[in-house]
Amino acid sequence: MIDYVLALATISAVQILLVLGLNCQFGLTGLVNFGQVAFYAIGAYTSALLTVAGVPTIPAAAAGVGLAVLASALVGLSTLRLGEDYFAILTLGFSETVRLFLLNARGVTNGPIGVSGVPRPLARFAAGHEALAYFALVALAALAAFVLCQVLAKSPLGRTLRAVRDDDQAAMALGTDVLAFRLTAFGWGATLASLSGTLWAHYVTYVVPDQFTPEVTFYAWMAMIIGRPGSMIGAVAGTVGLVAVLESTRFARDVFPGLDAIHLAAGRQIAIGLGLILLTVYGGRLKPRGAR
Amino acid sequence: MLEHLVHLSVTGLLIASLLALAAVGLSLSFGVARFANVAHPDFMMLGAYATFAYNVVLGWSFWVAAALGIATALVLGVAVAWLAFDKLPVTGNVQLLVVSIGVSFVLRHVALLIFGATPAQFAVPLQRPGVWGPVRLTVNQIATLVVAGVLILGVHFLLTRTRLGRILRAMADNPMLCQVSGVDVDRARLAMWAIVVLLGAVAGILFGLNLVLQPNMGWDLIIPIFAAAILGGIGSPYGALAGAVTLGVALEWSTLVIPFQYKEMVAFGVMALCLLIRPRGLFGGR
């Protein structure tokens with residue numbers, strides 16, 4: 001039981017990083033990123049491949065962040081000047097492209113088999129308490145990210161990002177370099193997503209392309225909408241609540257023995273779809289806090 | 001070499017005809033409803049599985065099943081689009097984008113629950129292709145090209161020669177002006193969804209006729225469909241047609257130099273480059 005709670009807490013903390021990143025992009029800056037899972041996947045795979053090849057964890061994680069920021073700049077440059085629809089479609093397309101690359105580039109990523117035997121850091125120092133030590137590490141990362149995002153939101157930079165979100169024409173007229181601020185927010189969100197992916201890869205100790213479907217992106221969207229976009233505390237609370245609810249569906253098989261894994265998985269996805277629609281429409285929560 | 005190129009071009013045209021049906025519908029709905037409908041490719045899946053239900057589950061002949069499948073997809077698809085995109089009290093394209101993602105998740109996984117994840121096929125006899133020099137085509141493939149061509153021509157006549165077409169073009173240009181001049185905007189939108197679902201459902205059935213059915217069959221085409229629409233200038237149905245033909249043939253040709261598994265990535269690259277260099281599309285558009 002303790003192990004289970006610890007696992008849930010670790011999963012929540014990893015997801016908090018991802019949702020905070022998305023919240024800085026959409027909640028703070030108004031960027032409709034439908035491809036957050038791409039940066040999560042880049043972080044996870046880069047770190048997994050490098051550490052399995054013998055590179056220490058910290059440089060491997062840094063390489064993942066570097067690659068994710070580079071990718072965000074490339075994707076951002078081509079569409080951040082255009083309307084939300086273009087950005088949403090291009091990020092969604094990017095995340096599917098990254099997943100297909102992981103699936104097909106067998107020479108680099110090992111294809112559908114993925115990478116296993118990813119080392120878990122701190123295991124040497126905490127023999128017998130690996131799970132607890134790893135949770136401490138992830139919780140620390142989530143806390144640091146939360147504090148940084150909170151500082152960002154309250155800083156002059158955060159104010160500018162909100163101005164860009166609420167009225168980019170006015171911000172532009174006042175001399176704000178809208179594209180540069182959007183790229184900054186997008187890159188910061190990609191950094192957090194990449195770190196989240198790295199922490200995930202080293203937690204479950206293997207990566208396969210199936211872990212990086214658009215589902216991950218829209219889990220994060222749901223958590224953000226539950227917590228109200230723009231609110232960092234909301235992002236944390238929304239993530240913890242969503243992980244608790246979605247993970248509890250694992251017990252549905254004990255209550256309804258007829259359910260098999262496919263039905264359960266499909267049911268969860270339908271729940272995500274309906275949840276997104278209902279929260280968007282009746283939760284009145286898709287307008288970021290403070291937006292007109 | 002030349003023979004190979006001709007062969008690839010024919011395959012490209014086949015793909016292009018399916019992409020065109022989907023991309024023209026997407027562009028039309030983007031122009032009139034003013035948001036990027038992420039659930040659009042799932043209308044293909046809806047048409048294909050509705051036909052599958054009559055053809056394989058009930059065992060009726062393919063053509064009867066296709067007609068009933070189109071009718072069923074029309075009822076279901078228009079109902080879903082009308083409820084989710086027209087009737088919900090949402091404002092703005094961002095909310096509609098997120099709603100359409102939700103609709104796509106629900107549609108695909110309801111299909112998964114009912115029909116399972118195993119790829120399925122229509123109950124149609126295998127065909128031997130006819131050979132004309134380097135060109136090899138089965139009867140089904142010829143039917144695909146003809147049906148797609150006829151439907152696209154139909155859309156052209158609808159948009160240019162009918163009252164509904166005039167209204168839809170006017171709505172794409174200026175919805176406010178359209179409303180104040182007494183056009184029943186709600187009814188026109190309903191008619192628009194019917195056209196869009198019809199095109200999508202037929203594309204899905206033709207896709208199933210040539211390949212296989214899967215709950216994710218529409219979703220898996222989301223990159224090429226949007227790439228074709230964006231290449232043609234999203235919002236412009238004629239551009240979407242040109243974009244689909246260009247992209248369909250270009251993707252097949254690309255397999256000469258790039259391994260075929262990377263086709264989706266090529267489509268993504270085309271979309272990103274187009275947005276970077278010429279966001280209004282190669283063929284005009286708004």
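**The nonpolar patch and its charged counterparts**

B:Val56, B:Val57, B:Leu58, B:Trp60, B:Val64 and B:Leu68 make a nonpolar surface patch of about 520 Å². The model is a predicted one. Two helices of chain B, H2 (42–57) and H3 (62–87), each supply at least two residues of this patch. Take B:Leu68 as one member. B:Leu68 sits in helix H3 of chain B. Its relative accessible area is 32%, so B:Leu68 is partly exposed. Patch members must have over 30% relative accessible area, and B:Leu68 has 32%.

Chain B also carries a charged patch. B:Arg163, B:Arg166, B:Arg169 and B:Arg187 form a positive surface patch. Helix H6 (residues 163–173) of chain B gives the largest share, 3 residues. B:Arg166 lies in helix H6 of chain B. With 49% relative accessibility, B:Arg166 counts as partly exposed. The cut-off for exposed is over 50%, so B:Arg166, at 49%, stays in the partly exposed class.

Next, the paired charges. Side chains of opposite charge can pair when their charged atoms come close. Over all chains, the search finds 6 salt bridges. Three of them are described here.

A:Glu96 and A:Arg99 meet through their side chains in a salt bridge, at 3.1 Å from N to O. The two residues are 3 residues apart in helix H4 (residues 84–104) of chain A, so about one helical turn separates A:Glu96 from A:Arg99. Both A:Glu96 and A:Arg99 are buried.

Another pair joins A:Asp166 and A:Arg165. The closest N and O atoms of this salt bridge are 2.9 Å apart. A:Asp166 has a relative accessible area of 29%, so it is partly exposed. A:Arg165 counts as buried because its relative accessibility is 15%.

In chain B, B:Glu252 forms a salt bridge with B:Lys263, and the closest N and O atoms are 2.9 Å apart. This pair links distant parts of the chain. B:Glu252 is in helix H10 (residues 237–254) of chain B, and B:Lys263 is in helix H11 (residues 263–277) of chain B, 11 residues apart. B:Glu252 is buried because its relative accessible area is 6%. B:Lys263, with a relative accessible area of 23%, is partly exposed.

Now the cysteines. A disulfide is a covalent bond between the sulfur atoms of two cysteines. The count comes to 0 disulfides over all chains. A:Cys24 is in no disulfide, and the nearest cysteine sulfur, that of A:Cys149, is 3.5 Å away. The cut-off is 2.5 Å between the sulfur atoms. A:Cys24 counts as buried because its relative accessibility is 1%. In chain B, B:Cys178 is buried too, with a relative accessible area of 4%.

A:Phe135 is placed in helix H6 (residues 130–154) of chain A. At 24% relative accessibility, A:Phe135 counts as partly exposed. A:Phe135 and A:Leu90 are 45 residues apart in sequence. In space, their C-alpha atoms are 34 Å apart.

Back to the starting point. The nonpolar patch draws on helix H2 and helix H3 of chain B, while helix H6 of chain B gives the positive patch its largest share.

Terms used: Residues are numbered from 1 along each chain as its sequence is written. Chains are lettered from A and ligands numbered from 1 in the order in which they are written. This is a predicted model: local features need pLDDT of at least 70, side-chain atom pairs count only at pLDDT 80 or more; totals for chains, interfaces and linings use all residues. Side-chain values use heavy atoms; hydrogens and water are left out. Patches are made of residues with over 30% relative accessible area and no salt bridge: like charges are joined within 9 Å, nonpolar side chains (Val, Leu, Ile, Met, Phe, Trp, Tyr) within 5 Å. Accessible areas come from the Shrake-Rupley method with a 1.4 Å probe; for residues, only the protein chains shown count as cover. A salt bridge is a side-chain nitrogen of Lys or Arg within 4 Å of a carboxyl oxygen of Asp or Glu. Lys and Arg count as positive and Asp and Glu as negative; His and the chain ends are not counted. The place of a charge is taken as NZ of Lys, CZ of Arg, CG of Asp or CD of Glu. Helices (H or I, at least four residues) and strands (E, at least two) are DSSP runs, numbered from the N terminus. Buried means under 20% relative accessible area, exposed over 50%, partly exposed in between (1.4 Å probe, protein chains only).
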